[in-house]
Every structure is written in structure tokens, then in C-alpha cells.
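Below is a short report on chain B. The sequence and the structure come first, then the reading.

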Amino acid sequence: MAKSKEKTTDASEQSPASGEDTALAMRAVMDITGCGQPAAKDRVKAMEPSLVAKIAKLERDDKRVEIVTLLY
Amino acid sequence: MGLHNAFAVKYGSTVVSGLTQLDAQTNPNVEAESSAGTPYPQFAVITEQKPRVMFQTKQVAALLGVTGLAGAAIDGTNGFTAYFANLAASGLPASGSVHRSYACNRGLLLPRRLTCQSRGNVQVDAEALVYSSDGAAHPLTIADNVALPSVVQNNVQHTIGQVAIGITGTVITIPCLQNLSIDFGSGAETIGCGSDLYDTHLQLPRIAPIITLTGIDAAVFGASGVPPVGMPLAHAATKLFLRKRATNGIGFVANGTAEHIKLTANGLAVVTSHTGQGTARAEVNIQITTSWDGTNAPLTIDTASAIS
């Protein structure tokens with residue numbers, strides 16, 4: 001299980017952030033922090049593409065709790 | 001002679017029009033103390049000014065998109081400006097760069113209250129709390145030679161939509177809603193140091209939104225609704241939709257189109273009263289006190305959501 005998770009993370013890190021991933025990451029940032037779109041956009045823009053992809057994947061998998069640990 | 005009308009506000013490049021009120025305040029504290037010898041004050045002094053710009057708008061999606069729940073930082077990148085239009089002899093805004101603005105680049109733009117009645121349009125009261133760079137420079141810069149921003153047509157309006165509260169497995173749909181209001185509960189305030197006239201810092205010690213729902217169906221209170229003891233709420237099952245009207249004024253945007261406003265909340269709901277006045281329909285008031293669920297903000301705001 002742990003091995004599979006690690007593999008997924010590696011795969012995410014190799015992919016650049018797509019528009020969809022960016023939108024998902026922004027949604028997560030807005031819901032978790034309560035900020036608006038400009039602040040979320042700035043925060044996601046400042047992230048490494050691999051982190052954006054990782055957050056997007058967690059958002060798709062409905063794992064917000066794990067996103068929190070990445071944001072703070 | 002300068003006769004002006006309230007016009008619009010701008011945050012960064014986002015123009016928010018549809019204003020129903022615009023109020024730029026210096027908010028001073030003036031003291032005039034009498035002391036022994038004469039009943040007249042011998043010294044009047046301004047000890048502080050806490051300028052702020054307050055406004056009401058019906059362009060709710062534009063505003064909440066910018067502020068979210070917690071507010072948007074006003075800084076050198078995203079400044080805040082309030083515009084008053086200089087009026088020509090015709091009574092309409094004069095042409096050219098002859099208008100009044102109040103600009104600031106330090107502070108926080110935040111929503112204060114959202115209100116809507118059944119069949120009415122959602123309105124938000126918002127406020128820009130501003131502060132100084134050094135305690136000596138006034139936080140608001142006044143200019144009388146600015147051009148007005150292009151106004152966004154005020155035809156993007158929302159009204160009350162479907163509202164459901166509860167937790168997964170126990171969801172109550174609130175029928176026949178008459179009023180919805182949200183106190184965003186921001187405790188943001190500016191603070192000063194060393195007897196400076198103007199504040200130089202901002203603190204945000206608390207954000208505790210409270211939602212009030214008023215309906216006329218008593219079924220929402222009791223065994224099949226919110227029990228007298230109250231009920232817990234979770235984001236997954238507590239959804240308040242603000243339905244977007246069609247921009248041509250005929251009906252609404254389709255539910256499946258992601259242009260509505262969706263609010264979700266975590267916390268608890270309690271019925272505070274079942275009140276009847278005269279022969280009018282009695283109303284049930286539900287108060288939702290929001291709280292953090294360990295992951296999401298107590299109240300989440302999505303300004304581009306489908307209704308589902």
C-alpha cells in the first residue's frame with residue numbers, strides 16, 4: 001500500500017500542472033483557508049508544479065485532510 | 001464646486017459596481033476634555049483615525065470571489081480604490097479625469113454581511129479596513145483627477161435557492177425560505193502603536209460566521225426537522241445555494257450551469273424561535289453557528305457552482 005502511494009506521488013511530481021489541476025488546487029486552497037480567488041491563485045502560482053499536481057490528485061480523491069498538511 | 005455620486009470600487013483589476021451605498025470614512029476619535037476653571041473644553045485633539053471604506057453591492061459573485069470568507073489583502077499589487085463620480089451640469093458623470101477617488105494600498109477587504117429576502121436580490125455589505133505605512137501618512141489618498149473605471153453591467157444577480165442542512169444521512173431541506181442572512185463574523189481590526197494617529201498593523205483574531213434562515217414551514221422545527229436540542233451540520237450535507245438570475249431577466253440560469261453561488265457550512269443549527277405576528281404567517285428562525293471541522297474554513301464559498 002505504502003509502495004503504491006509512493007509511486008503515485010512520484011508520477012505526480014513528473015507531470016506539469018495542467019489548467020484542471022490548477023483549478024482543483026485553487027478550489028482546495030479557497031475552501032481550506034477561506035481566501036478568495038486572487039489569493040488562491042497567487043498561492044498556487046507560487047507552488048512547484050509537482051505540488052499542484054499532488055494537491056489536485058488528493059482533491060480528486062477527496063483527501064482534503066492530507067492537503068491541509070501540505071498547505072501548512 | 002464638486003457634486004458627486006457614489007460610483008464603484010475597485011480591488012486590483014476587479015471593478016465592483018452595482019453599489020447601493022458607498023461610504024468613505026475617516027472614523028476619527030476626537031477628544032475635548034473640560035477641566036477645572038471653565039466648563040468649556042480647553043483643548044480638542046484628534047487622538048486617532050481609523051479610516052475605512054464601507055459599501056453595499058449586489059454584484060455578490062464578483063465581490064465574494066475576491067474576498068472569500070477571510071478577506072483579501074490590500075497591498076501594492078492589489079490596491080483598493082473607491083470612486084465618486086463628479087457630476088456635469090446634466091446631472092450625469094462628467095467626462096474626463098475629473099473624478100474623486102480614495103485609494104489605499106494597505107489593508108484588508110472583507111465581507112461583513114450577506115442578506116437576501118425571498119424573490120429579492122442578494123446583497124453584501126463589505127468593508128475595506130486600511131492602515132498606514134508608518135503611522136504618519138494618511139491611509140487614504142484623495143485624488144480629484146482620476147478617470148472612472150468601466151462599470152460592469154449590474155445584471156449578474158442572485159437570489160435564494162435550495163437550502164439543505166445536516167450531516168451525511170440526515171439532511172433537512174428547508175422549504176419556503178423567506179430570508180437568509182449571513183454575518184461573516186470577521187474580527188479583523190487595525191491597530192496602532194506609540195500614539196501614532198494612524199494604525200500600522202492589522203490583526204484577524206476571529207472569523208466566526210453565523211447564518212440565519214427564516215422560513216414559514218414549521219416542519220423544519222421538531223421531530224422531522226431541527227430538534228429543539230439542535231443538530232450538527234457538516235459541509236458535505238449543508239449546502240446553501242444562491243441562484244443566479246438569467247442576465248436577460250427572464251427566469252434563472254439552468255441549475256446545471258456552474259454560475260450559481262454555493263455555500264457550505266460546518267457547525268450546528270438550532271431553532272431560536274417560532275414567531276407569529278398578527279395574522280401573518282408565523283416564521284421559524286434557524287441559527288447556524290459555524291465552526292472549523294479541522295480541514296475546511298467554517299463557511300466555504302464557490303461563486304461558480306452548479307446546483308445539485
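In this predicted model, B:Y102 counts as buried because its relative accessibility is 17%, buried being under 20% relative accessible area, exposed over 50% and partly exposed in between, with a 1.4 Å probe and protein chains only. B:F84 is buried too, at 16% relative accessible area.

**Aromatic pairs**

A search of the whole structure finds 2 aromatic pairs over all chains. Rings of Phe, Tyr and Trp (its six-membered ring) pair if their centres lie within 6.5 Å; planes under 30 degrees apart count as stacked, over 60 as edge-to-face and the rest as tilted. A pair of aromatic rings is described by the distance of the centres and the angle of the planes.

| Pair | Centre to centre | Angle between planes | Class |
|---|---|---|---|
| B:F55 and B:F80 | 6.1 Å | 20 degrees | stacked |
| B:F84 and B:Y102 | 5.8 Å | 85 degrees | edge-to-face |

B:F55 sits in strand β6 (residues 52-57) of chain B and B:F80 in strand β8 of chain B, so their pair ties together parts that are 25 residues apart in sequence. B:F55 counts as buried because its relative accessibility is 2%. B:F80 is buried at 0%. Strands here are DSSP runs of E of at least two residues, and helices are runs of H or I of at least four, numbered from the N terminus.

B:N78 lies in the loop between β7 (72-74) and β8 (80-86) of chain B. B:N78 is buried, with a relative accessible area of 16%. Leaving aside neighbours within four places in sequence, B:N78 is in contact (heavy atoms within 4.5 Å) with A:D42, B:Y11, B:G12 and B:A73.

**Helix α1**

Helix α1 (residues 60-67) of chain B is mostly covered, with 7 of its 8 residues buried. Among them are B:V60, B:L63, B:L64 and B:V66. B:G68 follows α1(B) and has a positive phi, near 60 degrees.

**Strand β21 and its partners**

Strand β21 (residues 260-265) of chain B has 5 of its 6 residues buried, so it is largely enclosed by the rest of the structure. Two strands pair if DSSP finds at least two bridges between them. Strand β20 (residues 239-244) of chain B runs antiparallel to β21(B), joined by 4 bridges. In that pairing, B:I261 of β21(B) is the bridge partner of B:L242. Strand β24 (residues 299-305) of chain B also pairs with β21(B) in the antiparallel sense, over 5 bridges. There B:K262 stands opposite B:D302 in β24(B).

**Chain B as a whole**

Chain B has 1 helix and 24 strands. Of its 308 residues, 44% count as buried. Among contacts between residues at least 6 apart in sequence, 72% join residues at least 24 apart. The C-alpha atoms fill a box of roughly 65 × 55 × 45 Å, taken along the principal axes.

**Conventions**

Residues are numbered from 1 along each chain as its sequence is written, while chains are lettered from A and ligands numbered from 1 in the order in which they are written. Local features need pLDDT of at least 70, side-chain atom pairs count only at pLDDT 80 or more, and totals for chains, interfaces and linings use all residues; side-chain values use heavy atoms, leaving out hydrogens and water.
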